[in-house]
Amino acid sequence: MAAAHGSGGGGGAHARQSVWASYIFSTDHKVIGVQYGLTALVFLLFGFFLMLAMRWQLAYPGQPLPVVGKLFSPQHPFLPGGVMSPDLYNSFGAMHGTIMIFLGVVPLAFGAFGNYVVPLQIGAPDMAFPRINMASYHAYFWGGVLMLASFFVPGGSAKSGWTSYSPLANVADTQALAPTVAFHPVFNGQTLWLIAMVLLITSSLLGSVNFITTIIQLRAKGMSWMRMPFFVWAQLVTAFLLLLAFPPLEAAGVMQLMDRLAGTSFFVPSGLYVGGKLLEASGGGSPILWQHLFWFLGHPEVYVLILPAMGIVCEVIAVNSRKPIWGYRSLVFASIAVGFLSFVVWAHHMYLTGMGARVSTFFQTTTVLISVPSVIILTALLISLWGGSIRFTTPMLFAAAFIPMFGLGGLTGLPLAFSAIDLALHDTYYVIGHFHYVVAPGTIFALFAGIYHWYPKVTGRRMSEFWGKVHFWPSLICMNGIFLPMFLQGMAGVHRRWYDGGGTFESPTYELAKAVIHWNEFMSISAFVLAAAQLPFIINVFASIWRGERAGDNPWEATTLEWATPTPPPHGNFERPIEVGRGPYEYSVPGHERDFAPQWEGPR
Amino acid sequence: MINRLLGLPMNASEHGAQIDHMLELVHWFMLALFVFWGAFFAYCLIRFNRRANPKASYYGMRSHFSTHAEISVVIVEAFLLIAFAFPLWSARVNEMPSDRDAVVVRVIAQQFGWNFHYPGKDGKFGRQDPGLIDAQNPIGLDRGDPDARDDLLTINEMHLPAGRQAIAHISSRDVIHNFALPHMRIAQDAIPGTSVPIWFKPIREGEYEVVCGQLCGAGHYSMKAWLYVDAAEDYQAWLDGMAARQLAPAGGGPSPGASAPPAGG
């Protein structure tokens, strides 16, 4: 069961390396983890800024953006007089989704935390394939650069939603739809989006094979399956999801690329009339095929976002409640069940396309079924608090807030699971509120918890508790200020992707938005305050590198193996061979003088 | 009651009452779970913080509290599926009224507006051909087809009689749109290359907004139509008025220019 270790992977050579080799082309999983983390945080911030610009437009439609608005002439194609155009709004919307998911949350949750923590937690010297690991980061990085570059090509970046539904995505950024814009055949928004996505998917695939091999092969002696921290389990299931769900989207991306570049018509039916004339396309394709391929990834992707977050929350709760995780085995089996079920629920994103009774019965059943393991996971995390001696450190605050916030996101998914009532809510702000609760105050809070939790291991110093709390409380309040009113707007029938947010209060585009349109300003102000509340975090991350309190090797008095290493961990991670003698969460064991019994100290 | 608190728009279709009923039930269930779990969560944070409970328990909770809670959730969800969700959806797709008993309309979406195609007195829709689409003929209706002679077209203005079943065939001539009628609790993607029928029965006279619910391009946010649900005689009067305006006097076929639908809604 235990694997051989020693000089496996790239941890063998400790010769002096150039800065170039140690920081840019490093094969060390910890450096790659930090590379992923910093890049992903920059993208998260950038995706957040896109949203802030959109929220300005929603709250104050037709008014020039503050500060930057003055830079733009009234003739500017996207920001005439500093006012967002509908195309720019759609473009920011598409890129906000793409960047947050594929360049922000997944690379942070899987690429950064997975890379840094998983080999440490299983007692491995490095990942199984260090060079593939490096290639994975570089594919991700260049995919991100390409995605950013697409903002500056003629016509601007992709604007057909992060879902890029065909045929809109086929004709977008081409002269068929906008004859007056000088689109380049390759260097245009949607084409670059597709090429960048192919790079990002490749990166995830390289990462996933590496994670799976590492977790199966490189566990330290005594690290049996049921002694693995739940975080490792969560990453293992995530890796399988990426491995199996991403290839269909990669294929679909290449197919849409061929539709745009090579004259194929995988997703374009015959006889379309676009931009004042019949579309020149061979025709005969199916727009629905794109949706199936997209959501076959799209739904497992949700669990790619959530499972690592749950893993982090589990670690942080165990450490800070000073007791074993309640129902560890049920957590493990539930996360495996979630993994399997996530492959058979995708069509609940497509109830609107029209569906026969049998197909809909199947997808409604599986969708409701997947709520069961999710409930088990959340319940186990919740009950783990019972009987604890809870320390409200900053990571614990974020991890604890994850539970009700993710709970709200999960519960509001329930009405969307049932096809008939989903019709009343689909594509409204109710859905936007639902999945943002899952991902923003849910997953992103868990990621914050992880950053505060593992920062002392990475840098040797703690982040400031005071500024951590200054970060936490306004973030919690503002997140709810943004997303809670979305449920009201959605119930009223306000749909997503409306450039004017339903119109202005004095002259609503939609009468049905009239009763709830005033929330737009409140939500946007919450978003602006949320942005301000991230400043203490950003300063804390950088200032603590030099000014933080020195942490030592095991500052939280934790039990899992990453805390057995020197701080920061050297190449090869561990100074002595590790032998694991007990489960991952042996806190407050009766009869022990200390309230934690680390995995690296076998039972005496 | 929760529906009203959350601001669900007034229902105006026959089946909408059942949708609202289920939505109400599901929200009560969600609220119960949130309050129950929330109370447990708050109690844990207060009772088991470090000051209140300096020594953690290795065993934690020993009762079967969670198993009971989880099984209850499963039972309620299964009940919601079997008693409500399945039958409601079956009614949507399997109990489509016959064309004789219903008003049948074709809805053809375009960037950025809604075309409504009525079959006229003969009850038959004329042939459509994308090659015939131009500014005067937004759906490419072949006026040479005998079935098309009495067909009526409107843009962004749909009329239906109250109290009669309506069947709408939803399609699109360019990209995917979504024909969403929040007050009728109905929505269907308009997918180019396919035509999907939906049905509902408007029961309340009034003016209702038609929303485009799927991103369709720069003008998506303003792609709006009105649905007028009229009393039966008003509906007939509207049809007659449209026929008088759009169709040439009886005898000769309609002149090409006469088929232009009124612009805007």
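## Architecture of chain B

Chain B contains 4 helices and 10 strands in this predicted model. Read from the N terminus, its elements follow the order α-α-α-β-β-β-β-β-β-β-β-β-β-α. The radius of gyration of chain B is 26 Å, well over the 18 Å that the globule rule gives for 265 residues, so the chain is more spread out than a compact globule. Its C-alpha trace spans about 95 × 35 × 30 Å along the principal axes.

Of the 265 residues in chain B, 38% are buried. Among contacts in chain B with a separation of 6 or more, 67% are between residues 24 or more positions apart.

## Interface between chains A and B

The interface brings 75 residues of chain B into contact with 85 residues of chain A. On the chain B side, two or more residues each come from helix 2 (16-47), helix 3 (65-94), strand 7 (186-190) and strand 9 (206-212). Helix 3 of chain B gives the most to this side, with 16 residues. By residue class, the chain B side comprises 45 nonpolar, 19 polar and 11 charged residues.

## A helix pair in chain A

The axes of helix 15 (residues 465-492) and helix 17 (residues 535-547) of chain A come within 8 Å and cross at roughly 150°. Since this angle is over 145 degrees, helix 15 of chain A is therefore roughly antiparallel to helix 17 of chain A. Their crossing is left-handed.

Helix 15 of chain A contributes Trp467(A), Gly468(A), Val470(A) and His471(A) to the contact, while helix 17 of chain A contributes Pro536(A), Phe537(A), Ile539(A) and Asn540(A). These residues divide into 5 nonpolar and 3 polar, with no charged residue.

Conventions: Residues numbered from 1 in each chain as written. Chains lettered and ligands numbered in written order. Predicted model: local features only at pLDDT ≥ 70, side-chain atom pairs only at ≥ 80, totals over all residues. Contact = placed C-beta atoms within 7 Å. Nonpolar A, V, L, I, M, F, W, Y, C, P; charged D, E, K, R; others polar. Axes fitted to C-alpha atoms, helices over the stretch in contact; angles between N-to-C directions. Parallel < 35°, antiparallel > 145°, perpendicular 65-115°, else oblique. Left-handed = near helix turned anticlockwise from the far one by under 90°. Rg over C-alpha atoms; globule rule 2.2 N^0.38 Å. Buried ≥ 20, exposed ≤ 12 C-beta atoms within 10 Å, placed from the backbone.
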